[in-house]
Each structure stands twice: as structure tokens, then as C-alpha cells.
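Dear colleague,

I am passing on the structure we spoke about, and below it I have set out what came out of going through it. Please read the notes with the coordinates open beside you.

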Amino acid sequence: MRCLLVLLALGATAGCNRGQSKEAPDGKPSPTLRLAVVTDLKGYLEPCGCTSRPLGGIDRLAAQIRALRDGSVPLVVLMAGDLFFDTDALEPARVDQANRNASTLLGILDHLEIDAALPGRRDRAQPQEELARLHTASRFPWLAMKGAAEVVRIKAGELRIAVVGVRPGAKRDAVMAAVGSAQAETDLTIALVHGSRRDANRIGAIDGVDFVVHGGLDQDAPLPPHRAGEAWVLNAGRQGQGLTVVDLHRKTDEAFADLSEWSKKERIRQLEAQIADLSEKILEWERSKDVDPADLRAQSDRLAALKTQREAMDAPPRSPRGNSFTARWVELPKEAPTDQEVTKLMREHDKAVNQANREAFADLAPRPLGPDDIAYVGSEACGTCHNPAYVWWQSHPHGHAYLTLQTRNKEFNLDCVGCHVTGYDQPGGSTVTHNLKGALVNVGCESCHGPGAAHTKNPEIDIVEDAPESTCLPCHNEEHSDQFDYETYKKTLIVPGHGLPPVEP
Ligand code: HEC
Ligand code: HEC
Ligand code: HEC
Ligand code: HEC
């Protein structure tokens with residue numbers, strides 16, 4: 001934005017027209033630059049696969065980035081927010097798996113040719129030794145690991161870009177100084193931030209910043225671009241569920257206009273919600289005798305203004321004469337293409353983690369039974385007397401929950417095993433390696449009815465009959481069972497042979 005002053009003063013475009021849009025063969029101007037933005041990856045190599053519509057996968061992300069780098073438009077890939085870790089204080093037992101995960105991810109990110117990244121607070125909270133190990137091995141720049149702000153310069157086609165990494169919690173003055181120093185010889189300034197919305201907006205408001213890549217929000221839904229000062233704030237959700245792709249058309253040194261359908265839809269949604277809300281309130285006020293007519297008129301005028309704004313959104317967009325961009329959210333569902341090379345690295349990683357944990361936790365015995373605890377016996381033991389129930393259970397997803405992990409080389413994975421076995425971490429139950437020689441794999445009878453040794457020995461001793469919602473929720477939580485509804489799910493468990501009399505042959 002510095003250049004604008006020169007432009008006005010000289011009345012000429014000399015020296016200021018770098019990175020202008022070129023004409024594509026079809027007559028439409030092709031973008032000057034394409035940004036691919038990823039925020040809050042948090043060490044996710046792929047989604048767990050538990051939910052109805054799993055999103056993400058670093059191999060899918062890699063395929064997208066490869067496709068975007070098609071040579072027609074210069075591509076810059078930026079990341080902000082926690083990259084490698086999703087917790088700041090790892091339990092000692094989880095350190096090895098988390099570090100292996102970080103190493104695998106780092107290798108893959110290197111392969112993606114990231115232009116710059118701003119690690120988040122959780123990354124920075126890891127033990128210095130581990131962080132240094134990763135940082136040294138990394139081929140892409142990690143910003144602001146020491147100072148409050150750090151600038152890297154990128155040349156993309158004709159454009160000279162300054163990327164300013166802002167250390168989480170950095171003082172605004174320090175960031176202003178870094179942005180200021182970056183302005184010379186720069187066509188575009190992009191700040192990478194980890195923090196709250198307020199933090200991102202504060203950095204966006206600094207003179208000279210054109211875009212802010214905002215990590216640290218840590219929410220699933222990506223935010224459409226929004227304004228902060230002269231800048232635009234970009235976010236891409238979390239856990240690699242997708243990426244935000246921005247096509248920039250740069251003609252001058254002015255601020256950018258947002259032509260995205262994405263933001264437009266969001267704006268329309270907001271306006272319609274405001275209109276509905278205010279209309280309802282006005283109806284109420286009209287019915288009430290206590291509201292001052294002048295106030296009511298003022299509110300009606302406000303409503304009319306909102307409606308005018310809403311109608312204006314339907315007009316076809318004017319093609320802007322100055323700078324503009326369009327941003328889109330590229331979601332990564334199961335069907336999205338994968339980068340085979342990266343998939344291979346992920347599968348090797350799964351095997352390595354499985355093998356390492358199997359050895360590291362070989363001696364991890366279940367917690368001992370207390371005086372009032374009942375031992376687990378496994379579903380097969382129940383089947384000797386409850387055969388119809390056992391037969392039903394074997395064909396239910398609970399009956400092969402462990403196979404689900406085994407086929408993926410994840411049965412010793414600490415992120416997975418706990419919900420796909422019976423009595424995990426319970427006295428006399430299972431651990432990552434111990435499961436009563438296979439009796440406690442899968443989500444067995446005792447996951448719902450409680451440990452059954454006493455009842456098995458003597459059926460006169462009652463076992464828990466009902467399984468209330470609280471029994472299901474530790475496994476069927478929001479992250480792993482998005483469609484869970486207790487009544488609906490439970491109904492499917494009450495079948496002939498289990499809860500209903502067996503069908504006579
Ligand atoms: C030796 C045979 C036997 C074994 C083994 C056995 N049960 Fe039972 N179970 C019974 C009998 C008998 C009843 C009482 C049936 C009735 O009253 O209708 C019963 C009742 C139940 C009930 C109803 C609640 C209650 O206490 O009356 C549940 C639930 C149950 N069993 C679950 C299990 C589970 C889970 C296992 C394995 C951990 C298991 N049973 C093992 C024989 C057995
Ligand atoms: C120990 C963890 C655990 C508990 C406790 C648990 N579940 Fe599950 N449940 C699972 C897992 C894991 C699966 C998926 C298994 C697979 O396909 O690999 C599953 C699958 C299901 C399914 C099948 C869903 C489908 O897509 O077909 C139903 C229904 C279900 N659970 C209901 C319940 C109910 C109701 C409760 C409580 C009464 C409960 N579960 C308790 C772990 C658990
Ligand atoms: C907090 C408990 C929990 C954890 C941890 C967990 N799962 Fe699950 N998983 C579930 C539940 C519950 C379901 C069933 C969800 C439903 O149908 O509503 C499920 C279902 C699945 C399914 C779908 C099975 C099918 O055939 O449809 C896969 C695959 C799966 N999990 C794999 C994994 C992997 C891999 C991990 C580790 C990265 C993992 N899970 C960690 C609870 C968990
Ligand atoms: C996902 C949870 C879950 C699993 C796993 C499960 N049950 Fe149940 N079971 C229930 C629920 C819920 C009921 C119904 C309780 C009620 O009616 O309130 C029930 C009822 C029963 C009853 C009472 C039946 C009756 O006639 O009223 C028996 C017996 C039983 N289960 C045995 C088993 C056995 C044996 C297994 C393993 C082979 C098993 N259950 C696995 C949840 C489960």
C-alpha cells in the first residue's frame with residue numbers, strides 16, 4: 001500500500017505495476033497469484049473414520065496442492081496454527097506416538113513445498129529438544145520461533161510477497177515494526193497469526209497488511225474471508241479437513257475487493273437472520289402498548305435498510321477495476337483424490353506405530369482389581385448361556401470393532417484402541433496390548449452390561465440390565481459418533497435374541 005502514495009504523487013504507474021493480471025487465452029484475466037491456506041492442522045494425518053462423513057487426510061490435501069500447482073498461476077502455500085500437536089502437555093505414555101506422528105507429518109509437509117508456516121502455541125509448548133529436532137529437519141521456514149515477528153520474502157511470478165509470521169501473544173508494536181520494514185520492495189504483505197479473532201483483527205488493522213492467515217481458532221467450520229482494517233482475514237478450519245484457496249487479481253496497489261460466492265452467501269445468511277429477528281421483534285413491539293412510536297419507527301427504518309442491503313446482494317457483481325480476490329473452501333471428503341506417494345507414507349507410519357506400541361507396551365497389564373471390583377470375562381463366556389444374544393452381537397458392528405482397527409494397522413494405536421475394545425483401562429479390563437488373550441477385543445457385552453465374572457459364575461447374581469445413555473457416551477461422543485441419538489441407536493440393539501424373545505426356528 002506504500003506504492004499507492006508514489007502512484008498518486010507521480011500520476012504514473014511506473015514501478016508500481018508489478019504482478020498485474022495477464023490475459024488468459026479465453027480472454028478472462030487469469031489470477032496473478034493463488035494462495036493455498038491451511039490452518040490448525042494439529043498433527044492430523046487423516047480423520048479417524050468413525051463419523052458419518054469423515055473429512056481430511058494429508059494425502060488428499062497433498063493431491064489438492066499438487067493439482068493447484070499446475071503451472072498456470074504461481075502458487076503460495078501457507079500454514080498457521082498448531083501444525084504437529086493437538087495438546088500442549090502430552091501424557092508420558094503418548095509422547096513416542098505423538099513424536100512419530102509429528103515426524104511423519106513433517107516429512108509429508110516437506111514434500112508439499114510449503115512456502116512458510118507459523119507453528120501454534122501447542123507446537124511451541126512441546127519440550128524444546130523435540131521441537132528443535134523437528135525444526136532442524138524441516139525444509140520449509142517456521143516463522144517467529146525466536147522474535148515477536150519474522151519476515152520471509154517470496155517471489156511468486158512477478159509478485160514480491162512479504163510473509164510476516166507473528167509469534168502468538170506478540171506485542172502489536174513489534175509486529176508493526178516488522179510489517180513496516182517489510183514494505184519496501186513488496187507488492188503484497190501477508191501476516192500469519194495464531195490467536196483469537198480479536199488478535200487476527202488487530203494484526204489485520206496494521207497499515208500495510210493485505211491478508212491475515214488466521215490459525216488458533218480451532219473450529220471445524222472454516223470462516224469465510226472477513227475484513228480487518230484494510231486487510232482480509234483468511235481461515236481454513238482445522239485438522240486438514242480442507243483448505244482455503246484464494247485467487248488474487250492484482251492490478252494496482254489498492255486494497256482488495258472480495259468477490260467470493262462464499263463470503264456473499266455468508267453475508268446473505270447473516271442479513272436474513274437479522275431481518276427475521278428484527279421482523280419478529282417489531283411485530284411484538286407493535287402488539288405491545290408500551291413501546292414509544294418513535295422507537296418503533298426507527299426500528300422499522302432499520303429493517304427497511306437491512307432489506308435494501310439484502311436485495312442489493314442479488315445484483316450481479318460488478319467487475320471491479322481495482323484489486324480483487326475470490327476465496328473458496330475446498331473440502332476433502334472421502335471421495336477426494338489422494339496422492340498415492342503420501343498415502344504410502346501414511347500406511348508405513350501406521351505399521352511402524354503399531355509395531356512400536358506393541359513392543360513398548362508389551363508389559364502393560366490391566367489395573368488390578370480392588371476389593372469391590374468384578375473381573376471381566378469376555379463375550380464368548382456370556383454366549384455359553386445367552387447364545388442368541390451372542391450370535392446377534394457377532395454380526396453387529398460392536399462385534400467386529402477390533403477388526404475395523406486391525407485392517408488399518410491401528411489396533412495398537414493409542415488414539416484408537418480405547419473405544420474399539422471392552423473394559424479399556426478398567427480394573428481387570430484391557431490395555432492397549434492386554435485383552436484376556438483376545439476375549440476383550442471388540443465392544444463386547446460387558447461394555448454395556450459391566451464386568452460379568454460374578455454373574456457368569458452364578459447367574460443368581462444380577463448383572464446390569466439397562467444400559468443408559470451415560471454408558472454409550474464415552475465412546476459415542478461428538479467427535480467419533482456425530483449421528484448418535486440414544487433412543488434411535490438403542491432401539492437397533494433390542495432385537496430377537498437380545499432384549500426380545502428369540503425367533504423360534
Ligand atoms: C451360566 C449361564 C450364564 C452366563 C455365563 C451368563 N448369564 Fe446372563 N443370565 C443367565 C440367567 C440364567 C439369567 C436370568 C435370566 C432371567 O431371569 O430371565 C441371566 C440374566 C442376564 C441379564 C438380565 C439381567 C439380570 O441380571 O437378570 C443380563 C443383562 C445378562 N444375563 C447378561 C450377561 C452377560 C453380559 C454375561 C457375560 C458377562 C452373562 N450374562 C453370562 C445366565 C448366564
Ligand atoms: C466401548 C465403546 C462403546 C460403547 C460403550 C458403546 N459403543 Fe456403540 N459402537 C462403538 C464402536 C467402536 C462402534 C463401531 C464399530 C465398528 O464398526 O467398527 C459402535 C457402533 C454402534 C452402532 C452401530 C452404528 C452403525 O453405524 O451401524 C450402534 C447402533 C451403537 N454402537 C449403539 C450403542 C449404544 C446404544 C451404546 C450404549 C448403550 C453403545 N453403542 C455403547 C463403541 C461403543
Ligand atoms: C472416543 C471413542 C473412539 C475412538 C477414540 C475411536 N473410535 Fe472409531 N468409532 C467409535 C464409534 C462410537 C464408532 C461408531 C460411530 C457411529 O456409527 O455412530 C466408530 C466407528 C469407526 C469406524 C467406522 C466403522 C465402519 O465400518 O463404519 C472406523 C473405521 C473407526 N471407528 C476407526 C477408528 C480409528 C482408526 C481410530 C483411531 C484413529 C478410532 N476409530 C478411534 C469410537 C471411537
Ligand atoms: C451396546 C450395548 C450392549 C451390548 C454390547 C450388549 N447389550 Fe445386552 N442389552 C443392552 C440393552 C440396551 C438392553 C436392553 C435393556 C432394557 O431393556 O432396558 C440389553 C438387554 C440384554 C439382556 C436382557 C434381555 C431380556 O430378555 O430382557 C441380556 C440377557 C443381554 N442384553 C445380554 C447381552 C449379551 C450376552 C451381550 C453380548 C453378547 C450383550 N447383551 C451385548 C445393551 C447391550
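This is a predicted model: local features need pLDDT of at least 70, side-chain atom pairs count only at pLDDT 80 or more; totals for chains, interfaces and linings use all residues.

Cys50 sits in the loop between β3 (33–39) and α2 (58–68), while His420 sits in the loop between α13 and α14 (445–449), so the pair ties together parts of the protein that are 370 residues apart in sequence.

Turning to ligand 1, its iron atom is coordinated at 2.0 Å by the NE2 atoms of His386 and His455. The site of the iron atom of ligand 1 is octahedral, and the angles among its six donor atoms run from 88 to 179°. His386 belongs to the loop between α11 (379–383) and α12, and His455 to helix α15 (residues 453–457), so that this pair ties together parts that are 69 residues apart in sequence. His386 is partly exposed, its relative accessible area being 44%, while His455, at 19% relative accessibility, counts as buried because the cut-off for that class is under 20%.

In ligand 2, the iron atom is coordinated by His398 and His476, in each case through NE2, at 2.0 to 2.1 Å. This pair links distant parts of the chain, with His398 in the loop between α12 (387–395) and α13 (401–406) and His476 in the loop between α16 (469–472) and α17 (486–491), 78 residues apart. The site of the iron atom of ligand 2 is octahedral, with angles of 84 to 179° among its six donor atoms. His476 is partly exposed, with a relative accessible area of 22%.

For the protein as a whole, there are 17 helices and 16 strands, and the C-alpha trace spans about 95 × 70 × 45 Å along its principal axes. Of the 505 residues, 45% count as buried, and the accessible surface comes to about 26,300 Å², of which 53% belongs to carbon and sulfur atoms. Among contacts between residues at least 6 apart in sequence, 69% join residues at least 24 apart. Finally, the mean positions of the 57 positive and 71 negative charges are 7 Å apart.

Terms used. Residues are numbered from 1 along each chain as its sequence is written. Chains are lettered from A and ligands numbered from 1 in the order in which they are written. Side-chain values use heavy atoms; hydrogens and water are left out. Helices (H or I, at least four residues) and strands (E, at least two) are DSSP runs, numbered from the N terminus. Buried means under 20% relative accessible area, exposed over 50%, partly exposed in between (1.4 Å probe, protein chains only). Contact means heavy atoms within 4.5 Å. Accessible areas come from the Shrake-Rupley method with a 1.4 Å probe; for residues, only the protein chains shown count as cover. Lys and Arg count as positive and Asp and Glu as negative; His and the chain ends are not counted. The place of a charge is taken as NZ of Lys, CZ of Arg, CG of Asp or CD of Glu. Donors are N, O and S atoms within 2.8 Å of the metal (3.2 Å for Na, K and Ca); water is not among the atoms, so sites may look incomplete. Four donors count as tetrahedral if all angles lie between 85 and 135 degrees; four count as square planar and six as octahedral if opposite donors are over 155 degrees apart and all others between 65 and 115; anything else is irregular.
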